[in-house]
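Thank you for passing this one along for comment. Please read the points that follow with the sequence and the coordinates open beside them.

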Amino acid sequence: MKITVIGRGKVGGGLAERWERAGHTVTRIGRDGGDASDADAILVAVPSGQIAGALGNVSGLAGKVTLAATNPFTGSDEKFESLTHQVKSIIGGPVAKAFNTNFADLYDRIDEQRARPSNLYAAEDGAREITERLSRDAGYDPVYVGGLEQAGVLERHLSRLLGPTAQAGLGRFFYRYAKPGEL
C-alpha cells in the first residue's frame, strides 16, 4: 500500500518506520508540503493547531482515506466536533481517528510484548478496512469503538484517562482490550 504521512514527529515518523518494515511504500511530508496524489491512505500527525496549514500545503488529498492521529494539545477549531471532523472537512474522503491513544515513544517496544497492544479507533465505514490493516501492520490489534461520532471521545480519552494514569506513576504504557479468555 502507498501511504503518505503528513508530520515527521514521533507519531508520524514512528508509524512511517513501522509501516515501511511491514512492506508499505511511505512518503513523508513535513511543513514544506508535497504531493499525495498516488497515496492509498493518508496519516495526519501534526499538532492540532496546524491541521489546516499543513494540509493546505499538500496537493492530491481530495477524497483519500485518511487516519487522523492528532490530539487537541495545541488547540482546536471550535467549529468542528473533533479534529477528525476538521480533517474530513478539508480532505473529504472517509476518515478514521486512530493512533492517538498510544504512546509514540513506545513504538520501538511493541514487538517485545507477549500480546499485541490495542489501538482504539473510530471510523467511517469507508476507512475501517485500511485502518484495521495499518493498525495490524504497525503491531497493534485494532479495537473499533464506533463511527466518526466517537472521534471526539477518543481525543478526550487521552486527557481524561490515559494522561492521568501515566502521570500517576505508571509512566508510558501499552493497553490491551480483550474479550474474556483472550488474555
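Notes on the model

1. I begin with G56, which counts as exposed because its relative accessibility is 60%, and the cut-off for that class is over 50%. The residue belongs to helix α2, which covers residues 51-56. Its C-alpha atom is separated by 9.9 Å from that of G34, a residue 22 positions away along the chain. Please keep in mind here, and in every point below, that this is a predicted model.

2. T84 presents another case, as it is placed in helix α3, which covers residues 83-91, and it counts as buried because its relative accessibility is 0%. What is T84 in contact with, leaving aside its neighbours within four places in sequence? The partners are A68, V95, A96, K97, L148, A151 and E155.

3. Helix α4, made up of residues 125-137, has A127, I130, T131, L134 and S135 as buried residues. The helix is followed by G139, a residue whose phi is positive, near 105 degrees.

4. On the aromatic side chains, a search of the whole structure gives 5 aromatic pairs. One of them joins F103 and F173 in an edge-to-face arrangement, with 5.2 Å from centre to centre and 65 degrees between the planes. Because F103 lies in the loop between β7 (95-98) and β8 (118-123), while F173 lies in the segment after α5 (151-170), the pair ties together parts that are 70 residues apart in sequence. F103 counts as buried, given its relative accessibility of 11%, and F173 counts as buried at 11% relative accessibility.

5. The rings of Y175 and Y177 form an edge-to-face pair as well, since their centres are 5.6 Å apart and their planes stand at 75 degrees. Are these two residues buried or exposed, or something in between? Y175 counts as buried because its relative accessibility is 11%, whereas Y177, at 41% relative accessibility, counts as partly exposed.

6. Two further aromatic features deserve a place in the description. W19, F99 and Y140 form one aromatic cluster.

Notes:
Residues are numbered from 1 along each chain as its sequence is written. This is a predicted model: local features need pLDDT of at least 70, side-chain atom pairs count only at pLDDT 80 or more; totals for chains, interfaces and linings use all residues. Side-chain values use heavy atoms; hydrogens and water are left out. Buried means under 20% relative accessible area, exposed over 50%, partly exposed in between (1.4 Å probe, protein chains only). Helices (H or I, at least four residues) and strands (E, at least two) are DSSP runs, numbered from the N terminus. Contact means heavy atoms within 4.5 Å. Rings of Phe, Tyr and Trp (its six-membered ring) pair if their centres lie within 6.5 Å; planes under 30 degrees apart count as stacked, over 60 as edge-to-face and the rest as tilted.
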